[in-house]
Amino acid sequence: MDATYKRGQTLSETLNPGMEATLKARYDALLPGMAETVVDFAYGQQYSRPGLPLRDRHIATIAALTALGGQTRPQLKINIAGGLKSRV
């Protein structure tokens, strides 16, 4: 198992318990591997890297999703919940 994927799993389970399993259940038939890609890239490579505090990364993500509007409501819900868990 890749190190970034493992880091991503740990962080995603802390912020959004069960997210990977939910993504697999919903999308694996259409997009095999999507759940692992989200965990690895978003949580393992982006949210867990050093430099910017996790809380600030969530603020930036929430701002971008808000500006996009439209169909970002599910992502906003997840990121607001994660941001509240990562506040310092």
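A residue counts as buried under 20% relative accessible area, as exposed over 50%, and as partly exposed in between. The structure on screen is a predicted model.

**Stop 1: R55 and D56**

Select R55. R55 and D56 form a salt bridge, and their closest N and O atoms are 2.9 Å apart. The structure has three salt bridges by the rule used here.

**Stop 2: K24 and its partners**

Move to K24 and show E20 with it. Their side chains meet in a salt bridge at 3.8 Å, N to O. Both residues sit in helix α2, four residues apart, so about one helical turn separates them. K24 is partly exposed at 31% relative accessibility, whereas E20 is buried at 8%.

E36 is partly exposed, with a relative accessible area of 25%. Through shared partners, the salt bridges join E20, K24 and E36 into one network.

**Stop 3: helix α1**

Next, select α1, residues 3–15. This helix has 13 residues and reaches 18 Å from its first C-alpha to its last, close to the 18 Å expected at 1.5 Å a residue. Colour its buried residues: T4, Y5, G8, Q9, L11, S12 and L15. They pack against α2, α3, α4 (54–68) and α5 (73–86).

**Stop 4: the largest nonpolar core**

Select Y5, L11, L15, M19, L23, A35, V39, Y43 and Y47; these nine residues make up the largest nonpolar core. The helices α1, α2 (19–27) and α3 (34–47) each supply at least two of its residues. Which helix gives the most to this core? It is α3, with four residues. In soluble globular proteins, nonpolar side chains tend to be buried together.

**Stop 5: Y43 and Y47**

Finish with Y43 and Y47, both of which are buried. They lie in helix α3, four residues apart, about one turn of the helix. A search of the whole structure finds one aromatic pair. Y43 and Y47 form this tilted pair, with 5.6 Å centre to centre and 50° between the planes.

Leave Y43 selected and show its contacts. Leaving aside residues up to four places away in sequence, Y43 touches G8, L11, S12, L15, N16, M19, V38, S48 and I78.

Key. Residues numbered from 1 in each chain as written. Predicted model: local features only at pLDDT ≥ 70, side-chain atom pairs only at ≥ 80, totals over all residues. Heavy atoms only, no water. Core = buried A, V, L, I, M, F, W, Y, C linked by side-chain atoms within 4.5 Å. Buried < 20%, exposed > 50% of the residue type's maximum accessible area, 1.4 Å probe, protein only. Contact = heavy atoms within 4.5 Å. Phe/Tyr/Trp six-rings, centres within 6.5 Å; stacked < 30°, edge-to-face > 60°. Expected span 1.5 Å × (residues − 1). Salt bridge = Lys/Arg side-chain N within 4 Å of Asp/Glu carboxyl O.
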